[in-house]
Amino acid sequence: MGRGKIVIERIDNPTNRQVTFSKRRGGLMKKARELAILCDADLALIVFSSTGRLYDFASSSGMEAILERYQEAKEEHYGVLNPTSEAKLWQREVTTLRQQVQNLQHNNRQLLGEELSGTTARDLLFLVNQVETSLHSVRKRKEQLMAAEIHELNQKGFHIQKENVELGKKLSIAHEHKIELQKKLSGAMRSSGQQASGSSSKAAAGLLLSTRVREPNIDLELRQQEHEDE
């Protein structure tokens, strides 16, 4: 038969109440210990019996550290940090950041081949793997940048070639216009020369005709003068 459901209410019998307290307290302590170990949790458990006896459990951080952390977390949650708690909070934050900076500086020096006297073979192997991984990332980034630059240069070269072709077409059109203008100018100059030559011919013909008309008059005048002399 299965266990019946227990009614959750105060046990009136002192003996039964003490027995139940001992059993449940032991189970609670066991569960708390398992939770701290399995889940790496900071855990604190405080139990006072009906007679005022204290039973407690704390993980590896310690009861005081956990209670202090609880108080600070509670104050941060409700926004009621007093000056002392706030100063401790910032002091702890500064300490944590300073330690992180020191660790990063030490790691950086080791990557540069410094401060290796106290390192083990395993640590050196880890540094070698870290350097190779970093070098691989740097080379990969370099290849990406070079590929991007080559692509950009190819695009610029394509645009420049296209502009050259367009400029060549414009130059060819301009040369054809120049030839047409030269032909028109030559034709205009020949037409002007022919007109000037025709005008000269007409003037010469008029002058010759005028001379021929005047010759009989001159001859007549000479004859009249000879007659008067006689």
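Helices (H or I, at least four residues) and strands (E, at least two) are taken as DSSP runs and numbered from the N terminus. The model is predicted, so local features need pLDDT of at least 70 and side-chain atom pairs count only at pLDDT 80 or more, while totals for chains, interfaces and linings use all residues. Residues are numbered from 1 along each chain as its sequence is written, and side-chain values use heavy atoms, with hydrogens and water left out.

The secondary structure of the protein amounts to four helices and two strands. Read from the N terminus, these elements follow the order α-β-β-α-α-α. Of the 230 residues, 8% count as buried, where buried means under 20% relative accessible area, exposed over 50%, and partly exposed in between (1.4 Å probe, protein chains only). The protein exposes about 20500 Å², and carbon and sulfur atoms supply 57% of this area. Accessible areas come from the Shrake-Rupley method with a 1.4 Å probe; for residues, only the protein chains shown count as cover. Among contacts (heavy atoms within 4.5 Å) between residues at least 6 apart in sequence, 15% join residues at least 24 apart.

Arg 25 is part of helix α1. With a relative accessible area of 22%, Arg 25 is classed as partly exposed. The side chains of Arg 25 and Tyr 55 are joined by a polar contact of 3.2 Å. A polar contact is a pair of N or O atoms within 3.5 Å; within protein, one must be able to donate a hydrogen and the other to accept it, and residues adjacent in sequence count only if both atoms are side-chain atoms. Arg 25 and Ser 49 are separated by 24 residues in sequence and by 9.4 Å in space, C-alpha to C-alpha.

Ser 49 also takes part in a polar contact of 2.9 Å, side chain to side chain, with Thr 51. Thr 51 belongs to the loop between β1 (44-48) and β2 (54-58) and, at 67% relative accessibility, counts as exposed.

The loop between α1 (14-39) and β1 holds Asp 40. Asp 40 is exposed, its relative accessible area being 70%. Most residues other than glycine have a negative phi. Asp 40, although not a glycine, has a positive phi of about 50 degrees.

Ser 59 is placed in the loop between β2 and α2 (63-78). Ser 59 is buried because its relative accessible area is 12%. Not counting residues up to four places away in sequence, Ser 59 touches Ala 36, Ala 41, Asp 42, Leu 43 and Ile 66.

Helix α3 (residues 83-111) includes Gln 110, and Lys 88 is found in helix α3 as well. Gln 110 has a relative accessible area of 14% and is therefore buried. Leaving aside neighbours within four places in sequence, Gln 110 is in contact with Glu 115, Leu 116, Thr 119 and Leu 127. Lys 88, at 43% relative accessible area, is partly exposed. Glu 68 and Glu 72 are touched by Lys 88, again not counting residues up to four places away in sequence. Lys 88 and Glu 72 lie 16 residues apart in sequence and 9.2 Å apart in space, C-alpha to C-alpha.

Rolling a probe the size of a water molecule over the atoms shows where empty space is left. The largest pocket has a volume of about 330 Å³. Of the 11 residues lining the largest pocket, Ile 6, Glu 9, Ile 11, Thr 20 and Arg 24 are the closest to its centre. On a 1 Å grid over the protein atoms alone, a cavity is a set of points where a 1.4 Å probe fits but cannot get out, whereas a pocket is an open set with protein on both sides within 12 Å along at least five of seven lines; lining residues have an atom within 4 Å of a point. Grid points are joined across faces, edges and corners, and a volume is the space filled by probe spheres set on the points. The lining of the largest pocket consists of five nonpolar, one polar and five charged residues. Ala, Val, Leu, Ile, Met, Phe, Trp, Tyr, Cys and Pro count as nonpolar, Asp, Glu, Lys and Arg as charged, and the others, Gly among them, as polar.
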